[in-house]
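Subject: Structure handover

Hi,

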Amino acid sequence: MTIAYITLGCKLNYAETSTYERKLAAAGLETVPWSKGADIFLVNTCTVTEHSDKKSRNIIRKLHRISPEAKIYVTGCYAQLKKEEIQAIEGVCEVFGAEEKSRVVPAILGLDPDSCERNETFFPAYSSGERTRSFLKVQDGCDYKCAYCTVPYARGESRNIPIDRIIPQAEAIAAEGIVEIVLTGVNTGDFGRSTGETFFDLIKRLNDVEGIERYRISSIEPNLLTHEMIDWITSGTKFLPHYHIPLQSGCDTILKAMGRRYDTAAFAEKIQYIRSKSEKEGGPKVFFGIDVIVGFPGETDGLFMETYTFLRDVVRPAFIHIFPYSRRAGTPAASRKDQVQDCVKTKRVQMLEDLCRELHEEFLESNKGVKEKVLFESTDKNGMMEGYTGNYIRISRPYDADLIGRIVEVEI
Ligand code: SF4
């Protein structure tokens, strides 16, 4: 039987699809590219914006046109929120919500889910198949209720499996010869909610796993990054000077309206503390990737400029991930009367993109001449190969097959 996978959305979905594929390949199913048609399709959907919902529906319809006889299985965040709607699309065989992911593989193999898999609400997952890094899912769901976000409804409450079951997954990744792991989750720093452990416990245990030389944290809420953790991370561990932290707004009025759990002073203090602990004279600078939403309801030009100047003058990140506010049904912000016009959102996105270009250039300049370790990837691009430094700078050098998957020191 042939099967094709389609993954929309985040690294978490990517790790989950890779895990389905590993299990189904072990059961004898042959993976094929979806455009060529297949006997079975598995679609892992996303619902972060209105557009992602539309994309999910369109790809399912397209698959049915490509292989009218094929069985289409659908999972992911959109499947959790709009199960009936998806079930009604022609060709769809079965739809699995956020807490039913352990049933996907048995269902596709025509087995009774209760008889084979641990039928639990947390679906353990990690990505494989890449020779350099793997995305390891350590946490799922979220108990926060940010006013613009549907993720808690799509992914359920914050939960995880015990550290003793995560370590063997990291060891399995190392056994594949992969040396870098990216920890991923919905609210990753909230790890331990369902087992009474902490994220700090987890990273300390992971740091001892043989064969894994580097760790990145895919994203972590600022209020969950404690001084104690930062002191430990910067004390010579395998955790890299690369932080992806959601800010969402640089204006306290908007942060309050969003229901975020910090203000700009606390955020600035955290950034400053990490820099003070990580950066040495002549050494690599910390890479901060910061999420920002523009055009949240009630965001006037003046309030937006508070965000702009906070980023330009205080945080000065290496990169800004910019999201125009997307009105999501069922969220508190969606019912606000003071919605911001799309043309205004577009202008603000443009302003932050220009600022991001400036700050990124400055970040690269500030690392020139610095010695850093690069994990080189396998792709040969016109005789050149590429890889990332610890502080997330993309480096290229003449291709050398001996360097694939190895960590090498270079001068930037
Ligand atoms: S922390 Fe807020 S933005 Fe992030 S997933 Fe949870 S509710 Fe959504």
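Before anything else, keep in mind that this is a predicted model.

The volume of the second largest pocket comes out at about 510 Å³. Its lining is made up of 21 residues, and those nearest the centre are Thr237, Phe239, Leu240, Pro241 and Glu372. By class, that lining splits into 7 nonpolar, 5 polar and 9 charged residues.

Which elements each supply at least two residues of this lining? They are β10 (239-248), α12 (264-278), β13 (371-376) and β16 (407-411). Of the elements, β10 gives the most, with 4 residues.

**The cavity**

If you search the whole structure for cavities of 30 Å³ or more, you get 1. The largest cavity has a volume of about 40 Å³. Around it sit Ile217, Ile233, Phe239, Leu240, His242 and Tyr243. Strand β10 turns up again here, with the largest share of the cavity lining at 4 residues. In terms of class, the cavity lining has 5 nonpolar residues, 1 polar and no charged ones.

Arg216 belongs to strand β9 (residues 214-217). Is Arg216 buried or exposed? Its relative accessible area is 4%, so Arg216 is buried, the cut-off being under 20%.

What does the side chain of Arg216 make polar contacts with? One partner is the side chain of Glu180, at 2.7 Å. Not counting residues up to four places away in sequence, Arg216 touches Glu180, Ile181, Val182, Leu183, Leu240, His242, Tyr388, Thr389, Gly390 and Tyr392.

Thr389, which is on that list, is part of strand β14 (residues 384-389). Thr389 has 0% relative accessibility and therefore counts as buried. The side chain of Thr389 reaches the backbone nitrogen of Ile393, with 2.8 Å between them. Leaving aside neighbours within four places in sequence, the contacts of Thr389 are Arg214, Arg216, Glu372, Lys373, Val374, Ile395 and Ile412.

**Arg61**

Arg61 lies in helix α2 (residues 50-66). With a relative accessible area of 38%, Arg61 is partly exposed, because that value falls between the 20% and 50% cut-offs. How far apart are the C-alpha atoms of Arg61 and Gly91? They are separated by 8.0 Å, with the two residues 30 apart along the chain.

**The ligand**

Finally, the ligand. The residues around it are Cys142, Tyr144, Cys146, Tyr148, Cys149, Val151, Pro152, Val186, Glu221 and Arg260. How does this shell divide by class? It has 8 nonpolar residues, no polar ones and 2 charged.

Cheers

Methods
Residues are numbered from 1 along each chain as its sequence is written. This is a predicted model: local features need pLDDT of at least 70, side-chain atom pairs count only at pLDDT 80 or more; totals for chains, interfaces and linings use all residues. Side-chain values use heavy atoms; hydrogens and water are left out. A residue is near a molecule or strand if one of its heavy atoms lies within 4 Å of it. Ala, Val, Leu, Ile, Met, Phe, Trp, Tyr, Cys and Pro count as nonpolar, Asp, Glu, Lys and Arg as charged, and the others, Gly among them, as polar. On a 1 Å grid over the protein atoms alone, a cavity is a set of points where a 1.4 Å probe fits but cannot get out, and a pocket is an open set with protein on both sides within 12 Å along at least five of seven lines; lining residues have an atom within 4 Å of a point. Grid points are joined across faces, edges and corners, and a volume is the space filled by probe spheres set on the points. Buried means under 20% relative accessible area, exposed over 50%, partly exposed in between (1.4 Å probe, protein chains only). A polar contact is a pair of N or O atoms within 3.5 Å; within protein, one must be able to donate a hydrogen and the other to accept it, and residues adjacent in sequence count only if both atoms are side-chain atoms. Contact means heavy atoms within 4.5 Å.
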